[in-house]
Amino acid sequence: MLKKAAMLVSGNALGSVLLLARNLIVARLVSPEDYGIAATFAIVMSVVEMLSQFGLSQMIVVDKDGDEPRFQAVMQGFQFARGALASLVLFAIAHPTARFLGIEHVAWAYQVVAVVPLINGFQHFDIHRLKRHLNFRPFIMSQSIPPLVALLAIWPLALLYGDYRIMLVSLLAQAVVMALLSHLVAERRYQLGFDLALIRRATVFGWPLLLNGALLFGVFYGERVIVGRELGMAALGVFSMAVTLTLTPTLVMAGANQSAFLPNLSSARERPAAFQWLGVAAVEAGLASGIALILGIVFLGGPVVHLLLGEKYAALLPLLVPVAVLQALRMAKTGSTTVALSRGRTGNAVAANLLRVLSLPVSWLVLHRTGDVMLLIWIAAGAEVLGYLVSLHLAARRTGLRLGPVVRPSLLAALTYAAALAANWVEPPRPDLAGHLLRWPLLAVAICGLAALASMKALRGYLLRQIRKRAA
């Protein structure tokens, strides 16, 4: 089972890396303004997708009737109806969205993007149903091959276009390949069904996911919408790239942590001592992942950004470390969220994300009055700190987890974040590797980060146990 989980995580990670490579290449080929326009395509798709997300793919895995052909047909029918409705909504809001962002001349592109949810509606759910039988290969293929096609399509598209249309056609290609591949790897014949009782059951199952999807849109895209609206597409292109560079490793590490700890925590529910030890290790793993991100960005971020994106993204360098700290704070919440999830408590993530969403009006007001993106990042970071504390409190109250052992690692992790921000303020990242690494504040960041990692006794014991198991 551990091998299959590792294969699933690696498949998701590969897909994320391929999409990051696609975004980097598009950013290198076009201007920051055009990349900002391209970034809005993902934003407008996510508005509709996240606000109509009922978790049908998850339901077919966990529901007792999920393996039944009729149940699958109804879920596929519901998926098609959801996709068609999302497309209509996206088409209808194309012009208002373009007008809101100040780019009315690309409203036609949003109308083209509206086809994507409809294409997704034709997805065959066998790629999800087969996970019930621990057959993850079709799902992994669906997560890795479409991003690969989207990446490879960049070169011929670059010969045809020299602007945001490269991303537009790449997104369409990815959606088409995803839908086709889901049918090619399927075992059953594709059917669409309708059953009001099953649809009602799916709606009851999915409404918490719908609520969390609305919150996640605010978490992932809220600040980007504000920057695009207030500062224009060029500023959005730079800010969006800073978020993309730090968000991709965040999502990969968060998924890996949950896959590693959730099964063990679930099986240890009746053993309080084992649950306590694993729970502390899970919280420390979230903190350790954030520290790893910070160290990577602080030591290599400037030269890597300059190498990959060139001089036209020089304005990104001062933002890179603060945005990385923001993502590290967000990643820190994943440990306590996983602990609560192992006891069937799904509300922790909603409560923690709600604080971030509630900060968005303040961020909008501040950016409108000052035009300072850094202040927007500080406000979001403050909301994430509160979210981390709330998530820890809820995990302790709902699962009985004792928080004493995580106090020192949390404080040392906070010291690492503060040292990284201080180093960025004293001397921002440089594009040249030699000059970048010779900055004296980096030593303080390294010392704080290593001290924080050394304090994580439960995580160290967990990793040593896993190494011994693999060796045996």
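Let's start with Ala419, which sits in helix 19 (residues 404-426). Keep in mind that this is a predicted model. Ala419 has a relative accessible area of 15%, and since buried means under 20%, Ala419 counts as buried. Who are its neighbours? Leaving aside residues up to four places away in sequence, Ala419 touches Ala444, Val445 and Cys448. Ile447 is 28 residues from Ala419 along the chain, and the C-alpha atoms of the two are separated by 9.5 Å.

Now for the nonpolar cores. The largest one has 111 residues, and the members touching the most others are Phe41, Tyr110, Met241, Leu245, Leu309 and Leu316. Helix 14 (residues 272-309) supplies the largest share of this core, 18 residues. Take Leu245: not counting residues up to four places away in sequence, it touches Leu20, Leu24, Val305, Leu309, Leu316 and Leu320. There is also a second, separate core of eleven residues, with Leu56, Ile60, Met75 and Ala202 among them.

| Nonpolar core | Size | Some members |
|---|---|---|
| Largest | 111 residues | Phe41, Tyr110, Met241, Leu245, Leu309, Leu316 |
| Second, separate | eleven residues | including Leu56, Ile60, Met75, Ala202 |

As a general point, an α-helix has 3.6 residues a turn, so residues three or four places apart point the same way.

Conventions
Residues are numbered from 1 along each chain as its sequence is written. This is a predicted model: local features need pLDDT of at least 70, side-chain atom pairs count only at pLDDT 80 or more; totals for chains, interfaces and linings use all residues. Side-chain values use heavy atoms; hydrogens and water are left out. Helices (H or I, at least four residues) and strands (E, at least two) are DSSP runs, numbered from the N terminus. Buried means under 20% relative accessible area, exposed over 50%, partly exposed in between (1.4 Å probe, protein chains only). Contact means heavy atoms within 4.5 Å. A nonpolar core is a set of buried Ala, Val, Leu, Ile, Met, Phe, Trp, Tyr and Cys residues joined through side-chain atoms within 4.5 Å.
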